[in-house]
Amino acid sequence: MRATVKTYEGDGFEVTFDVRRCIHAEACIRGNGKVFDRDRRPWIDPSQGLADDIASVVHQCPTGALKLLRNGQSVEPEPRTNTIRIGPDGPAYATGKIEVRDHDGTVLLRDYRIGFCRCGLSANKPLCDDAHFGKFTDPGAIGDPGTVVDDEARGDVVFTVALNGPLLFEGAVEIVGEDGTRVTKTKGAICRCGASQNKPFCDGTHKKIGFTSRSEE
């Protein structure tokens, strides 16, 4: 997993953009086309808006590619609940107080917004890099979730990238399907190989197909 971060200076604030985490969801362009204009270079111009207005748009970026900083610190409010939204034909969008760890316990990332690869094709695993486009088909439905709870999905949640396996999570998380189905679990495994028959959950198929979690360099 790698980062390529560009910084755009505003009046007393900065907008940062991690190129590798962007999957062109275009929430920023729809939110403020003056500040975020893909046909302009540079495509981000913070002088075209107010910091608070830009922040509200930045926080809609589902992958966390965009940040707004004041004095080098993010001004993003902590989400009230932890959520994994299953995108049709695409990634798992996680929001909450998130920590991502490698299989050996190394902390890879802490953030409030992350787009996780579900197709197995990303060159920046465990993050989505848009490799699914035109190659991965899934309606975003919720399969058999196994054990669920009635608790509110709050508090810290840790995602662990299993070696050549699924994305494991511990901590209360509400999982939301494309049709609005919602289930809350305190631990589970999200498929990363793209081949599970019980998506978005892992069913062990990664072992049969020889899935590798190594990202391309």
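Which residues line the largest cavity? The legends below answer this and describe further views. The model is predicted, and local features are given only at a pLDDT of at least 70, side-chain atom pairs only at pLDDT 80 or more, whereas totals for chains, interfaces and linings use all residues. Residues are numbered from 1 along each chain as its sequence is written, and side-chain values rest on heavy atoms, with hydrogens and water left out.

**View A. The largest cavity and its lining.** Rolling a probe the size of a water molecule over the atoms shows where empty space is left. On a 1 Å grid over the protein atoms alone, a cavity is a set of points where a 1.4 Å probe fits but cannot get out; a pocket is an open set with protein on both sides within 12 Å along at least five of seven lines; and lining residues have an atom within 4 Å of a point. Grid points are joined across faces, edges and corners, and the volume is the space filled by probe spheres set on the points. The count comes to one cavity of 30 Å³ or more, and the largest cavity has a volume of about 40 Å³. Its lining consists of Gly165, Pro166, Cys191, Arg192, Cys193, Ser196, Cys202, Asp203, Gly204, Thr205, His206 and Phe211. By class, this lining holds five nonpolar, five polar and two charged residues. Here Ala, Val, Leu, Ile, Met, Phe, Trp, Tyr, Cys and Pro count as nonpolar, Asp, Glu, Lys and Arg as charged, and the others, Gly among them, as polar.

**View B. The largest pocket.** The volume of the largest pocket is about 390 Å³. Among its 22 lining residues, those closest to the centre are Arg21, Lys67, Leu109, Arg110 and Asp111. At least two lining residues come from each of E2, strand E3 (66–70), strand E6 (92–101) and E7; E7 gives the largest share, five residues. Such elements are DSSP runs numbered from the N terminus: helices (H or I) have at least four residues and strands (E) at least two. The lining of the largest pocket comprises 11 nonpolar, three polar and eight charged residues.

**View C. A hairpin of strands E1 and E2.** Strand E1 (residues 5–9) runs antiparallel to strand E2 (residues 14–18), with five bridges in the pairing. Strands are said to pair if DSSP finds at least two bridges between them. Within this arrangement, Thr7 stands opposite Thr16 in E2. Four residues separate the two strands of the hairpin, and Gly12 in the turn has a positive phi of about 85°.

**View D. Salt bridges, including that of Arg113 with Glu76.** A salt bridge is a side-chain nitrogen of Lys or Arg within 4 Å of a carboxyl oxygen of Asp or Glu; the count comes to 11. In the bridge between Arg113 and Glu76, the closest N and O atoms are 2.8 Å apart. Arg113 lies in strand E7 (residues 107–116) and Glu76 in the loop between strand E4 (73–74) and strand E5 (83–86), so the pair ties together parts that are 37 residues apart in sequence. Buried means under 20% relative accessible area, exposed over 50%, and partly exposed in between (1.4 Å probe, protein chains only). Arg113 is buried at 3%, and Glu76 is buried at 13%. A further bridge joins Arg154 to Glu152, with closest N and O atoms 3.2 Å apart; Arg154 is partly exposed at 39%, whereas Glu152 is exposed at 56%. Salt bridges with shared partners also join Arg21, Lys67 and Asp111 into one network.

**View E. The surroundings of His132.** His132 belongs to the loop between E7 and strand E8 (156–161). With a relative accessible area of 10%, His132 is buried. Leaving aside residues up to four places away in sequence, His132 touches Asp89, Gly90, Pro91 and Cys119, where contact means heavy atoms within 4.5 Å.

View F. Pro42 sits in the loop between helix H1 (27–31) and helix H2 (51–58).

**View G. Positive phi at Glu26 and Asn164.** Glu26, a residue other than glycine, has a positive phi near 65° and is found in the loop between E2 and H1. Asn164 is not a glycine either, and its phi is positive at about 55°; Asn164 lies in the loop between E8 and strand E9 (167–176). Glu26 is partly exposed at 29% relative accessible area, and Asn164 is partly exposed at 32%.
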